[in-house]
Amino acid sequence: MFRDLARMTAQLKGLRYEGALIGRAIWERRSGDTEGVPRVLRDQHGVMELMAADASGRLTLVMMLGHAAPVPPQPSECGQEPAAVRQLRLSVVGDVPAKVLRLRFSAEDVHAFVRAVGDTNPLHAGMRPLVPGLAILEAALLHPALAGATRAELRFHGASFAGDEIELTVRTAGPRRQA
């Protein structure tokens with residue numbers, strides 16, 4: 001389901017999109033159709049908003065184009081890769097409890113995700129690749145605690161690289177159903 005939407009957005013190829021960074025991703029359990037290709041909603045001043053939709057849901061991305069790519073921290077003198085804790089907030093609507101999810105992606109995890117969706121962005125290659133924002137959102141949406149989500153919005157602040165711990169603070173943005 002979600003990977004089909006990620007595949008649609010990965011169809012954007014060419015120099016203009018290399019190094020593009022997602023600033024915000026919104027997934028909604030709402031069907032729609034973009035005929036298998038993403039539809040550009042806005043494209044101005046280096047910011048592109050696009051939507052991909054199919055029977056499983058709708059994904060809207062706000063991407064920054066033409067910015068310098070983030071560089072992973074360099075290994076320390078003892079050869080250890082410096083891992084960081086990246087804190088992100090995930091706002092959800094639906095029958096979902098407030099929760100903190102902890103995620104960690106290896107380089108192999110990143111490479112497998114980008115191969116599966118056809119993402120050729122060079123930021124996701126190498127020994128310490130940038131974790132794709134859609135991989136983070138997918139991992140969160142697959143968590144059993146978020147099964148009742150009907151909408152999820154993830155805003156990105158800074159880059160997360162393979163090996164970093166990603167701490168997602170899940171907060172309910174809408175009313176929860178009462179039992």
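Buried means under 20% relative accessible area, exposed over 50%, and partly exposed in between, with a 1.4 Å probe and protein chains only. The model is predicted, so local features need pLDDT of at least 70 and side-chain atom pairs count only at pLDDT 80 or more, while totals for chains, interfaces and linings use all residues. Residues are numbered from 1 along each chain as its sequence is written, and side-chain values use heavy atoms, with hydrogens and water left out.

| Residue | Relative accessible area |
|---|---|
| S91 | 12% |
| L5 | 0% |

S91 is found in strand β5 (residues 85-94); helices (H or I, at least four residues) and strands (E, at least two) are DSSP runs numbered from the N terminus. The S91 side chain makes a polar contact with the side chain of R171 at 3.1 Å. A polar contact is a pair of N or O atoms within 3.5 Å; within protein, one must be able to donate a hydrogen and the other to accept it, and residues adjacent in sequence count only if both atoms are side-chain atoms.

In helix α2 (residues 107-117), A107, V110, F113, V114 and V117 are buried. They cover an arc of only 130° around the axis, which puts them on the same side of α2; the arc is that of the directions from the helix axis to the C-beta atoms. Exposed residues E108 and R115 sit on the face turned away from the buried side of α2. G118, which follows α2, has a positive phi near 80°.

L5 lies in helix α1, and its C-alpha atom is separated from that of V117 by 8.8 Å.
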